[in-house]
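Trainee: I'm new to this one. Can you put it up and walk me through it?

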Amino acid sequence: MATESAVFSNARPQKQSTWFLPREHGATAMLFTPIVCAAILSRGWRWSELATVTAAFAALAAKDPAVVLARQRFVWKQRHPETAPAIRWFAGWMVLLIASGLILLAAWPIKATVALGSGVAVFSVLAIAINVKNRQRSTLFQIASAAALTSSSLATSLSAAGTIAPWCWWLWVLLALQATAGILVVHARLDARVALRSTAPAGENFRRAAQISLVALACAAVIATVFHHGWIALALLIAVLGYAYDLHRQRNAEALQLPLKSVGQRALALSSLYAILLIIGLW
């Protein structure tokens, strides 16, 4: 899900634009990859799946104007020029979200609607608060974001079949595990890049955490093998090898100079291959 792109986009200051469209490409991929996977694995099509896509996009896109409005209300003392367009964009995204929600309300069981709707609302408020406080680079928050964004697979299963299929829970867990490992690996890369410009050695906390996450992925691969899920085991093994190679290259100063765009493209390729293998394994 291009987790590296998601972290790097949070690590760099963003120029404020009056066009409030999703700018964090990694987060966008992390949201829509599970939707695509679940739609394929559902082996069917219902129009409510389209409403899932529009609702997910609207919820993601509404965050940036909501953050501007929250800062205007609670932080800024003077009115900022981006506030007026933020009001218009937020209103537009909310109209799309509500319209999509009404379609889903008619298609989903009421308990599932309440549970997922409440989850989206709570996490949206949390994300806005975190961004207002400029804590969006918090590793714990980014890992929680990975779990929240990849849960879009559950919504897709509900739209396609009216229920959350057993395989969908596994899809969510496996995608979230891979996303978490990617986040920790890229934080280790950021520490190593910072250390290049100073005399202090690179911090090892994120590197150790990333290594632990790779051990967890490797254990999951062993379990998948024991239960004869070879394609899933292969997906997990490829993720482990890809991230382990990245950690190894982080010891090389020249490799750390690789443009962040290239790093993000490699992450996207690895995540895409991982998702394809999961689809084959869960088919």
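Mentor: Start with R189 and D246, whose side chains meet in a salt bridge (3.1 Å, N to O). A salt bridge is a side-chain nitrogen of Lys or Arg within 4 Å of a carboxyl oxygen of Asp or Glu. R189 lies in helix α9 (residues 166–196) and D246 in helix α11 (residues 230–249), so the pair ties together parts that are 57 residues apart in sequence. Helices are DSSP runs (H or I, at least four residues), numbered from the N terminus.

Trainee: What should I know about the model itself?

Mentor: This is a predicted model: local features need pLDDT of at least 70, side-chain atom pairs count only at pLDDT 80 or more, and totals for chains, interfaces and linings use all residues. Residues are numbered from 1 along each chain as its sequence is written, and side-chain values use heavy atoms, with hydrogens and water left out.

Trainee: Back to that pair. Is R189 buried or exposed?

Mentor: R189 is buried, with a relative accessible area of 5%. D246 is buried too, at 13%. Buried means under 20% relative accessible area, exposed over 50%, partly exposed in between (1.4 Å probe, protein chains only).

Trainee: How many salt bridges does the structure hold?

Mentor: Two. D64 forms one with K63, and their closest N and O atoms are 3.8 Å apart. Both D64 and K63 are buried.

Trainee: New topic. Where does S159 lie?

Mentor: S159 is in helix α8 (residues 152–161). It counts as buried because its relative accessibility is 0%. Its side chain makes a polar contact with the side chain of T52, at 2.4 Å. A polar contact is a pair of N or O atoms within 3.5 Å; within protein, one must be able to donate a hydrogen and the other to accept it, and residues adjacent in sequence count only if both atoms are side-chain atoms.

Trainee: What does T156 touch?

Mentor: T156 is also in α8. Not counting residues up to four places away in sequence, T156 touches I35, A38, A39, E49 and T52. Contact means heavy atoms within 4.5 Å. Leaving out neighbours within four places, the contacts of S159 include E49 and T52.

Trainee: Now the surface. Which residues form the nonpolar patch?

Mentor: I98, L102, L105, I110 and V114, with about 490 Å² of accessible area together. Patch residues have over 30% relative accessible area and no salt bridge; like charges are joined within 9 Å, nonpolar side chains (Val, Leu, Ile, Met, Phe, Trp, Tyr) within 5 Å. Areas come from the Shrake-Rupley method with a 1.4 Å probe; for residues, only the protein chains shown count as cover.

Trainee: Which helix gives the largest share?

Mentor: α5, with three residues.

Note on methods:
Helices (H or I, at least four residues) and strands (E, at least two) are DSSP runs, numbered from the N terminus.
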